[in-house]
Amino acid sequence: VLNGRLEGYEIKSDRDRLDRLGRQMEQYAPLFDRLTVVTVDRHLERVRAEVPAWCGITTVEVASGQMTFTSRQPALPNPDWDVLAVLFLLWQAETVALARSHGMSRVPRDTAKGLIHRELSRRVDHDTLRVDVLDRLRGRRWTPKQLGLF
């Protein structure tokens, strides 16, 4: 979810196994401002053991066709986000545009994203970069192909 921050939700249903949850948390931790695992009661203790302390946990119960969500642990701000991981969410053209907006006017369009990201992270405040990335993500115009529609 892209609002004033980048919020992630990982859903683990009653039919899911939790084998990958630890690896997923390692992948998600550098990216999200807040992260919540939505699961069922039977997974609650294992989820608590696998997620970082700042990660939220919400359980869902279905009874008589009604879903009830219960917050078991509120999502807190992520203290461990990584500016380079967040920058990698950008497409190449977005990366070049971001660099140019921060005074890197001589960036060739075919420069590797990672090189541009490292230079941006040295030159620009990380919180500013995060806001810039979220603005660009919100402003994306997706093609049907990018959305997997054909």
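This is a predicted model: local features need pLDDT of at least 70, side-chain atom pairs count only at pLDDT 80 or more; totals for chains, interfaces and linings use all residues.
Local features need pLDDT of at least 70 and side-chain atom pairs count only at pLDDT 80 or more, while totals for chains, interfaces and linings use all residues. Residues are numbered from 1 along each chain as its sequence is written, and side-chain values use heavy atoms, with hydrogens and water left out.

Four strands form an open sheet in the order 1-2-3-4, with mixed pairing. Strands (E, at least two residues) and helices (H or I, at least four) are DSSP runs, numbered from the N terminus, and two strands pair if DSSP finds at least two bridges between them. Strand 1 (7-11) and strand 4 (66-73) stand at the edges with a single partner strand each, so one side of each has no neighbour in the sheet. Strand 1 runs parallel to strand 2 (residues 34-39), and five bridges join them. Within this pair, Glu10 stands opposite Val37 in strand 2. Helix 1 (residues 21-28) packs on the sheet and touches strand 1 and strand 2; contact means heavy atoms within 4.5 Å.

Ser121 belongs to helix 5 (residues 113-123). Is Ser121 buried or exposed? Ser121 counts as buried because its relative accessibility is 17%, where buried means under 20% relative accessible area, exposed over 50%, and partly exposed in between (1.4 Å probe, protein chains only). Leaving aside neighbours within four places in sequence, Ser121 is in contact with Val83, Leu84, His126 and Leu129.

Leu147, in contrast, lies in the segment after helix 6 (126-138) and is exposed, with a relative accessible area of 52%.

Technical notes
Axes are lines fitted to C-alpha atoms, for helices over the stretch in contact, and angles run from 0 to 180 degrees between N-to-C directions.
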